[in-house]
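Student: I'm new to this one, could you walk me through it a piece at a time?
Tutor: Gladly, ask whatever comes to mind and we'll go along with the model on screen.

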Amino acid sequence: MTGQSELRINRRARGDAARPLRHALSAFMKAKEVEPDSVDDIVTAVGEALANAIEHAYSDGDNGKVELFARLDAGGTVVIEVSDQGAFIERGQRQGRGYGLQIVRRIARWVSIDTSSGTTVSMIFDAPDAESFRDVKAPNLER
Amino acid sequence: MNPAPTIGVIALSGELDIGRRAEMQEALRLPAAHGAMLIDLSAVVYADSSILAELLRFRAEADRRQVRLALLITSRQLSRLVEYAGLSEAFAIFDARGAALSYLGETPA
Amino acid sequence: MNRQSMRSFALTGVVLVLIIPTVIAGGLLERRYVARAFAAAEDLRIARTTAFSALRFQLDEETGIRGYAATHDRVFLQPYTEALAAMGPTLEQISDQVTKLHTGGGPLVSDAAATNATWLRTVARPLLDPRTANLNAVERRGKTLVDHFRLDIAQLDDLSRRRQTEVDVEAQSAIDRIVLLMLGTAIVIVLIAAAAGFQQSRLAARLEDQRLRAEADERSNLQLRAAYQTEKRIADTLQGAFVQRPLPSHTTLRFSATYVPASEESKVGGDWYDAVELPEQRVLFSLGDVEGHGIEAAVTMNRTRQALISAALIELDPAAVLARVNDELLTDEARMVTAVVGYADATSYEFVYATAGHPPPVLLEPGRAARLLVCGGLPLGITPDAVYTVRRVQSVPGALLVLYTDGAVEHSRDVLDGESVLLAAIAAAAAEQPVADLAAKIHEGIFAGRPVGDDVAILTIGFGIGDLGRRSGGAVAKRVA
């Protein structure tokens, strides 16, 4: 991996939008030689954020866009933001009672939900390449 | 006298995400006939928490009707999803069909 | 055995395999020379003896004949007869010897034999014959012939002696060559031994070198360990200094804080809080959380705090402060830091703040429910492209701003639950009178004796002297700036 790489892709917020966005992210990371187990975990987490965005955007009746942005840096860290322009919702409602954000918190090093303008779920993951994988600790399942 | 319990099988495959929520709900309905159910997810390559919500709903119904339940999961992504959600102990999960069936007790219908 | 040793052993082997047979062969060859030389010397000795016995026989013959000639006594004929009998074979023997020994005396032997034959014919026979007259002339002729014979023998002896000298010289040379060969072999062996010795000493030197290097490694390990101990002490000291930095005692702004590390043994951790008085009635406040635990997190934490305070002296904008700190932390590869930084204005009840991936601050204003303020921004130390946004809040006397690290909300099943517990604890603590040790009370309200999973830091900033306890209704005294 050299330098920084970015992916920015969006779709209309419908149920079938999650799949192409996940595949694009997976392909992006595999092309950058991110270690496969990490790719799986990151796609799982981002898949939850996407499902969350789509669910709330769709339920509002407002099929705005859901956007996925990923920035992978040379040090093996990736910042991913999933944003939608859904109508302002109380942060509490957004997190809901589902497992989605719990799963994201287990996998990501850091998660934040910004509801100041639409909703943006920002996440930071370790994305090691195959050689440095052995130095990365396993996700913290005890938290 | 109760008839010998038979095992019903519901199989799902592919990528089970929010887009297929309705399909999951439709598929995960508890039939009346069986005393035990095997949910075969061995052909699932990706799943998000939608399936977890549906499985929990299904389990609640199965518990209510005292139907034994087992999940067959072979995908690494799906088993990690279950772990991350903290639901590893919430279901009887197997990675081999034979083991799942012997847990459920009888030969399938 | 390494390759070097094997090579020199092989070389030594080859050299020995070549030298030893050569030395043996050479030795055997020379030994043959010497043996032959000794044999030849012996033969020459015998040849000389034989030559002298021939001369003795000739003299015996002469003596016998002259005695008989003078006395006609037959007893004088006995030595003559005996010598006569022996002379023939002796001369043949001498002839063989000079041939075998290459003395070059062949002609002399023939001449001696001829002389003896002539003497027998022309001297012995006449003297034996009684009819012979003029005996003196015969005897005189006999004497001449015997002298001639004697001369032959003497010359033969000279030749033998010369040959003997040659043989001696040859033998000596052969011996010299053997000695030389032995010397040479000895020298080669000494050289091989020296080479082997040299090799051994090189090996010994290399082992010594390795030993020294191992010692050096051991020393550097000890140094590293010592450095680690020092670092730990520094970290402890820093953490001690951190805990002891006093909060400003201000007329209008009231501070309280608490820091509870995750475990007893790790008294150092990555969480911090700071409140520093600045000119013109402003106070800089910050609170943050370095990823991880223990000493390394504490070290990064101190770096971050220092960078933050330095930046705050330059920048008036908290977002710019975070940007500077972010730049500084980008060099620290592994660690991520979340933080809130801001300035509170004691006279205007206004504060500005910016967040870097940190949980939202809580604002409790009289007459309103506690609420979470807007947060955002990426954590520090992740990417140079991070953007921080300054938020401005105009608050009122009696307001309470609470900053905390995520340990305060991530203790329960989900963050939402954690947040509501926090808000309730803040409201409850603020309602107590008097308002003292607010942060500790909030901590108690959250955990109520439950085990703390993560480090928790809480900083509270109270604005003005208003009554925080009245949450619903009530006129709020407006302060005129």
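Student: What pattern does chain B follow, read along the sequence?
Tutor: Bearing in mind that this is a predicted model, chain B reads β-α-β-α-β-α-β-α along its sequence, with four helices and four strands.

Student: And how much of chain B is made up of buried residues?
Tutor: Buried residues account for 35% of the 109 residues in chain B. If you take the contacts in chain B between residues at least 6 apart in sequence, 81% of them join residues at least 24 apart.

Student: How many residues of chains A and B go into the contact?
Tutor: Chain A gives 20 residues to that contact, and chain B gives 17. On the side of chain A that touches chain B, the elements giving two or more residues are helix 1 (18-31), helix 2 and helix 4 of chain A, and helix 2 of chain A gives the most, with eight residues. By class, that side of chain A divides into seven nonpolar, six polar and seven charged residues.

Student: Helix 4 of chain A, is that mostly covered or mostly open?
Tutor: Helix 4 of chain A, residues 100-107, is mostly covered, with eight of its eight residues buried. Among them are the charged-class residues R105(A) and R106(A), along with L101(A), I103(A), V104(A) and I107(A).

Student: Back to helix 2 of chain A: what about I54(A), buried or exposed?
Tutor: I54(A), which is found in helix 2 (residues 36-59) of chain A, counts as buried because it has 27 C-beta neighbours inside 10 Å, where 20 or more are needed.

Student: Which residues does I54(A) touch?
Tutor: Leaving out residues up to four places away in sequence, I54(A) touches A13(A), R14(A), G15(A), A17(A), A18(A), V66(A) and I18(B). R14(A) is 40 residues from I54(A) along the chain, yet their C-alpha atoms are separated by 6.1 Å.

Student: Which residues touch the most other members of the largest nonpolar core?
Tutor: That core has 137 residues, and the ones touching the most other members are L50(A), I54(A), L322(C), I458(C) and L459(C). Helix 2 of chain A supplies the largest share of this core, with 11 residues. There is also a second, separate core of 33 residues, which includes A40(C), A47(C), I65(C) and I94(C). As background, nonpolar side chains tend to be buried together in soluble globular proteins.

Student: And I458(C), what does that touch?
Tutor: Again not counting residues up to four places away in sequence, I458(C) touches A257(C), T258(C), V402(C), Y404(C), A408(C), A439(C), I442(C) and H443(C).

Student: Changing topic, what order do the strands take in the open sheet of chain C?
Tutor: The open sheet has five strands in the order 2-3-4-5-8, with antiparallel pairing. Strand 2 (271-278) and strand 8 (391-394) of chain C are the edge strands, each pairing on one side only, and the twist averages 15 degrees from one strand to the next.

Student: What happens around strand 4 of chain C, then, and how many bridges are there to strand 3?
Tutor: Strand 4 of chain C, residues 337-345, is mostly covered, as eight of its nine residues are buried. Strand 3 (residues 282-290) pairs with strand 4 in the antiparallel sense over nine bridges, and L284(C) stands opposite Y343(C) there. Strand 4 also pairs with strand 5 (residues 350-356) of chain C, antiparallel, over seven bridges, where A344(C) stands opposite F351(C). Strands 4 and 5 of chain C form a hairpin with four residues between them, and Y349(C) in the turn has a positive phi of about 55 degrees.

Student: Which helices lie across those strands?
Tutor: Helix 5 (residues 294-314) of chain C lies across strands 2, 3 and 4, running at about 155 degrees to strand 3 of chain C. Helix 6 (residues 318-329) of chain C lies across strands 4 and 5, running at about 150 degrees to strand 4 of chain C.

Student: Last one: how many residues of chain A are in contact with chain C?
Tutor: 15 residues of chain A are in contact with 13 residues of chain C. Strand 4 of chain A gives the most to that side of chain A, with three residues, and by class the side has three nonpolar, eight polar and four charged residues.

Technical notes: Residues are numbered from 1 along each chain as its sequence is written. Chains are lettered from A and ligands numbered from 1 in the order in which they are written. This is a predicted model: local features need pLDDT of at least 70, side-chain atom pairs count only at pLDDT 80 or more; totals for chains, interfaces and linings use all residues. A residue is buried if 20 or more other C-beta atoms lie within 10 Å of its own, exposed if 12 or fewer, and partly exposed in between; C-beta atoms are placed from the backbone. Two residues are in contact if their C-beta atoms, placed from the backbone, lie within 7 Å. Two strands pair if DSSP finds at least two bridges between them. Axes are lines fitted to C-alpha atoms, for helices over the stretch in contact, and angles run from 0 to 180 degrees between N-to-C directions. A nonpolar core is a set of buried Ala, Val, Leu, Ile, Met, Phe, Trp, Tyr and Cys residues joined through C-beta atoms within 7 Å.
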